[in-house]
Amino acid sequence: MVYVRSFGSQGSGPSQLKYPRGAAVDRDGNVFVSDITNDRIVKFSASGEGEVFASIEDSYDVAVDGMGRVYIVEYSNHRVSIYDSEGNYITRIGGGASGTQAGSGTNELDEPQSVAIDLNGRIIISDYGYHRVKIYEYPIIDGVEPHELVAQMGLGFKQDLKTLSLIHI
């Protein structure tokens, strides 16, 4: 291995981190870092300049899919929140009816720790509290993803889509 570079320093400024936990890279080379003690996700440009992407309590991990969606694990809120590449909230997996409660149901989590996106775009979540791994996918309706369909209908983004499907393996 050959060292390339580093960015960030200890602190709470835009390009600073305090106990970074997870990191992911988007197709443009931006690096998203879960900054757990500062309760946020920091987006670093390819040049290393940081900005707050989202303010998130207990952000344990982050992943980015091929469409540029950003998946953020919220450990204490028992959910994974999904944002578009501009930082706009799309939907969530878990959190129960209140948005912050644990559960053992299909779309419920208990202290999730990590998230990854596989080559098929499926969302893989380690559900620490229930000792399991859960896999979800966005359903496709006539070749269009749900949030795109809602936008095409002129309705804007629906805050809590209940259309994410659990895959049993």
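Let's start with a pair of strands: S6 and S7 run antiparallel and are joined by 5 bridges. Strands here are DSSP runs of E with at least two residues, numbered from the N terminus, and two strands pair if DSSP finds at least two bridges between them. Keep in mind that this is a predicted model, where local features need pLDDT of at least 70, side-chain atom pairs count only at pLDDT 80 or more, and totals for chains, interfaces and linings use all residues. Residues are numbered from 1 along each chain as its sequence is written, and side-chain values use heavy atoms, with hydrogens and water left out.

Within that pair, Tyr71 has Ile82 in S7 as its bridge partner. S6 and S7 belong to an open sheet of 4 strands, ordered S5-S6-S7-S8 with antiparallel pairing. S5 and S8 are the edge strands with a single partner each, so one side of each has no neighbour in the sheet. On average, neighbouring strands here are turned by 20° against each other, direction ignored; the axes behind such angles are lines fitted to C-alpha atoms.

## The other sheet

Another open sheet has 4 strands in the order S1-S2-S3-S4, again with antiparallel pairing. At its edges stand S1 (20-25) and S4 (50-55), each with a single partner strand, so one side of each is left without a neighbour. Neighbouring strands in this sheet are turned by 25° against each other on average, direction ignored.

S1 and S2 (residues 31-35) are joined by 4 bridges, and Val25 sits opposite Val31 in S2.

## What's packed inside

The largest nonpolar core has 16 residues, and Tyr71, Val80, Ile93, Val115, Ile123 and Ile125 touch the most other members. A nonpolar core is a set of buried Ala, Val, Leu, Ile, Met, Phe, Trp, Tyr and Cys residues joined through side-chain atoms within 4.5 Å. S5 (59-64), S6, S7, S8 (89-94) and S10 each supply at least two residues of this core. Apart from it lies another core of 11 residues, including Ile41 and Tyr83.

## Two histidines with positive phi

His78 isn't a glycine, yet its phi is positive, at about 60°. You'll find His78 in the loop between S6 (70-74) and S7 (79-83). His131 also has a positive phi, near 55°, and lies in the loop between S10 (123-127) and S11 (132-137).

Are these residues buried or exposed? His78 is buried, with a relative accessible area of 12%, while His131 counts as exposed at 73%. Buried means under 20% relative accessible area, exposed over 50%, and partly exposed in between (1.4 Å probe, protein chains only).

Definitions and conventions
Axes are lines fitted to C-alpha atoms, for helices over the stretch in contact, and angles run from 0 to 180 degrees between N-to-C directions.
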